[in-house]
Amino acid sequence: MIVLGRIVAPFGVQGWLKIHPFGDDPESWRKMPQWWLSADDNAPPEQWKPYTLKACRTHGKGLVAAFGEVPDRNAAEAVDGWYIGAPREALPTTAENEFYWGDLVGLDVVNEAGESLGSVKGLLSTGAHDVLQVGEGETERLIPFVAAFVLDVDLAARRIRVAWGKDW
């Protein structure tokens with residue numbers, strides 16, 4: 001499952017949910033008639049429950065959405081804090097040089113000299129840009145996911161090449 005965002009609060013009394021997206025094009029999610037919800041973002045695929053999307057719209061920096069299975073505020077409160085996800089094949093295709101966060105997690109990160117800096121453990125959204133959380137043993141590096149630092153993302157080779165020193 002690719003984790004797309006998180007429910008942050010009920011919205012109104014008719015079962016709408018306020019969602020914080022983990023990406024920069026949540027509007028494209030409208031094309032998916034079904035979303036999957038789980039209380040655990042690391043749950044195996046069979047523990048994600050399918051929900052039928054009734055409506056979705058932009059609200060501030062996030063989204064609000066209504067599901068057939070969430071008819072009122074009480075039902076919305078029951079899924080508050082849950083994660084929104086989808087199987088990779090259900091997601092809209094990405095444009096060239098666009099990636100879902102889930103595609104990047106686990107990739108090896110190397111610098112220009114070919115030295116390993118670890119692997120992508122997660123990403124952070126800072127508002128200005130996303131940041132790769134790269135871990136190697138006890139060491140964690142935060143690398144801005146911008147062209148000045150990320151030179152190449154090769155999903156086939158499962159590698160990200162960055163302009164970053166080993167000791168930074």
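**Labels and their grounds**

Reader: What joins the side chains of Asp103 and Arg88?

Author: This is a predicted model. In it, a polar contact of 3.1 Å joins the side chains of Asp103 and Arg88. The cut-off for N or O atoms is 3.5 Å, so 3.1 Å qualifies.

Reader: Why is Asp103 called buried?

Author: Its relative accessible area is 14%. Buried means under 20%, so Asp103 is buried. Asp103 is found in helix H2, residues 101-104. Asp103 touches Ile2, Arg88 and Leu155, leaving aside residues up to four places away in sequence.

Reader: What makes Trp29 and Trp35 an edge-to-face pair?

Author: The structure holds five aromatic pairs. In the pair of Trp29 and Trp35, the ring centres are 5.6 Å apart and the planes stand at 85 degrees. Rings pair if their centres lie within 6.5 Å, and planes over 60 degrees apart count as edge-to-face. Both conditions hold, so the pair is edge-to-face.

Reader: Why do Trp29 and Trp35 count as buried?

Author: Trp29 has 4% relative accessibility. Trp35 has 0%. The limit is under 20%, so Trp29 and Trp35 count as buried.

Reader: What makes Tyr51 and Phe67 an aromatic pair, and of which kind?

Author: The centres of Tyr51 and Phe67 are 5.9 Å apart, with 75 degrees between the planes. The limits are within 6.5 Å for pairing and over 60 degrees for edge-to-face. Therefore the pair of Tyr51 and Phe67 is edge-to-face. The pair links distant parts of the chain: Tyr51 lies in strand S4 (residues 49-59) and Phe67 in strand S5 (residues 62-67), 16 residues apart.

Reader: Why are Tyr51 and Phe67 called buried?

Author: Tyr51 has 10% relative accessibility, and Phe67 has 0%. Under 20% means buried, so Tyr51 and Phe67 count as buried. Ring pairs link Trp29, Trp35, Tyr51 and Phe67 into a cluster.

Reader: What makes S10 and S11 edge strands?

Author: The open sheet has six strands in the order S10-S9-S8-S7-S12-S11, with mixed pairing. Strand S10 (139-144) and strand S11 (150-154) each pair on one side only. That puts them at the edge.

Reader: How do you know that S7 and S8 pair?

Author: Three bridges join strand S7 (residues 108-111) to strand S8 (residues 116-125). At least two are needed, so S7 and S8 pair. The two strands run antiparallel. Val110 stands opposite Ser116 in S8.

How values were computed
Residues numbered from 1 in each chain as written. Predicted model: local features only at pLDDT ≥ 70, side-chain atom pairs only at ≥ 80, totals over all residues. Heavy atoms only, no water. Helix = DSSP H or I, 4+ residues; strand = E, 2+ residues; numbered from the N terminus. Buried < 20%, exposed > 50% of the residue type's maximum accessible area, 1.4 Å probe, protein only. Polar contact = N/O pair within 3.5 Å; in protein donor to acceptor, adjacent residues only side chain to side chain. Contact = heavy atoms within 4.5 Å. Phe/Tyr/Trp six-rings, centres within 6.5 Å; stacked < 30°, edge-to-face > 60°.
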